[in-house]
Amino acid sequence: QVQLVESGGGLVQPGGSLRLSCAASGSIFSIYAMDAMGWYRQAPGKERELVASITRGGMTTYADSVKGRFTISRVNARNLYLQMNSLKPEDTAVYYCHLIGTSFWGQGTQVTVSS
């Protein structure tokens, strides 16, 4: 099994910053260690969408809505991060860590951007 656990969400004012973390573990995680990882989010009434992804070689992709504000990083196969700057109310959502190409997802962490 593979477990992905997110942390770092919370309430922040518009223009503020948060850093999300994802820790991967599990007895079979090594099987997927070379796969890409990503951050997704789902806002109320909206479909889950890709926010950012990172490949084994460090190549990154970002949704247009977050480009220039968010930065995805991966220090090793088990630890994924999302630095979120200049947050907007429309960034409010549950953010999920995902092992791309698999059915493994984290439980989600709530990010709320509000005054």
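I count two residues as in contact when they have heavy atoms within 4.5 Å. On that basis I looked up contacts in the protein chain between residues at least 6 apart in sequence, and 56% of them join residues at least 24 apart.

I note that this is a predicted model, in which local features need pLDDT of at least 70 and side-chain atom pairs count only at pLDDT 80 or more, while totals for chains, interfaces and linings use all residues. Residues are numbered from 1 along each chain as its sequence is written, and side-chain values use heavy atoms, with hydrogens and water left out.

I next looked up secondary structure, taking helices (H or I, at least four residues) and strands (E, at least two) as DSSP runs numbered from the N terminus. I found 10 strands and zero helices in the protein chain.

I then checked the extent of the fold. The C-alpha trace spans about 45 × 25 × 20 Å along its principal axes.

I turned to burial, where buried means under 20% relative accessible area with a 1.4 Å probe, protein chains only. Of the 115 residues in the protein chain, 42% are buried.

I finally followed Leu82. Leaving aside residues up to four places away in sequence, Leu82 touches residues including Leu20, Trp39, Val51, Phe70, Ile72 and Tyr95.

How values were computed. Buried means under 20% relative accessible area, exposed over 50%, partly exposed in between (1.4 Å probe, protein chains only).
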